[in-house]
Amino acid sequence: MELVDKDCKRCKKCERICPTNTLNIDSKNTHGDYCIECYHCLAVCPNKTENDEHVLGSNFQYSIQPYDFEQLMQQRRSNRDFSSKPISNELLSEFINNMRFSPTASNAQKLEFTVITNKALLQLINDSTISTLSKTFKKSVSPITKPLISTFLGRKAYTGLEKLKGKFLKKAAFDPNMICYNAPALILIHSKKTPGGMPLQDANIWLGMATLYAELLELASCINGYIVNAVQRNKTLKKQMQIPDDHQLHAALLIGRSKKKFNNRVDRKTPQVNFI
Ligand SMILES: Cc1cc2nc3c(=O)[nH]c(=O)nc-3n(C[C@H](O)[C@H](O)[C@H](O)COP(=O)(O)O)c2cc1C
């Protein structure tokens, strides 16, 4: 990357905006020791165009208004009624590729994606998640564990867990597809286990943005915490998903087309906000 080229006017906007303060135009040090390659320097440079490496363009022509975004947020819903229509690998690849602008801590960009569209494997993930979590609930929330949980976490915590267990087991009994909802694709977000970084947060930010992007593409989506939870307890399931041993699964997103449309936008609780 040639930051200080023949057109450079030494305005030093790049130096001032660099989040790691390692840029020094006078000494032509444009890639300091702590550079995170966020390219704020290129984004702010008045001389760079799309002909330069890493620059996509200089036009900011999106026409989304705040009102549009508010509507989009209200319209997005978790979908649990997927059509069996498959979703192409091309579309999924393009979706994930376009999502690369989602921010990551220190611009780490360490997230990796596994996309499962194989029907038999999706069914296996559904069934293994139900059996793994049913076992976990039965083992960890019982009259034997009650005194321990009540002592260390409080009686309320135990009652909460008991309720959760009841809800899960009841749902599993009458809806055998309660995990994957017959979705045609599952995106798993994982990264190599390394100290430092904030991959879990990166993955969750990715999820938030992806669900809005999916809505705009008229794709149905549902974030799935159960699968992530089950993988933490079931190494075989992780293997079956072909997630490398030295990787941590952070998040899962079911994606496809919806059978139904939601008619109404509904309200949420007013956030509790403290101004200090
Ligand atoms: C971190 C997280 C985990 C979730 N896990 C599941 C899940 O395992 N199964 C499911 O059906 N929905 C899951 N959801 C969806 C929530 O239940 C849903 O967001 C919530 O009910 C609000 O509804 P909405 O998304 O339609 O606005 C999850 C959502 C989040 C944010």
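## Around the ligand

The shell of residues around the ligand divides into four nonpolar, three polar and four charged. Here Ala, Val, Leu, Ile, Met, Phe, Trp, Tyr, Cys and Pro count as nonpolar, Asp, Glu, Lys and Arg as charged, and the others, Gly among them, as polar. The model is predicted: local features need pLDDT of at least 70, side-chain atom pairs count only at pLDDT 80 or more, and totals for chains, interfaces and linings use all residues. Residues are numbered from 1 along each chain as its sequence is written, and side-chain values use heavy atoms, without hydrogens and water.

Which residues are around the ligand? They are R76, R77, S78, R80, Y181, C222, I223, N224, G225, Y226 and R268, each with a heavy atom within 4 Å of the ligand. Two elements, β3 (220-223) and α9 (225-233), each supply at least two residues of this shell. Strands (E, at least two residues) and helices (H or I, at least four) are DSSP runs, numbered from the N terminus.

## Polar side-chain atoms

For R76 the distance is 2.9 Å. For S78 it is 2.5 Å. For Y181 it is 2.5 Å. The protein covers 62% of the 620 Å² of accessible area that the ligand has on its own (Shrake-Rupley method, 1.4 Å probe).

## Two helices in contact

Helix α5 (residues 119-140) meets helix α7 (residues 155-174). Contact means heavy atoms within 4.5 Å. Among the residues involved are F137 in α5 and F168 in α7. By class, this contact has eight nonpolar, two polar and two charged residues.

Technical notes. Polar contact = N/O pair within 3.5 Å; in protein donor to acceptor, adjacent residues only side chain to side chain.
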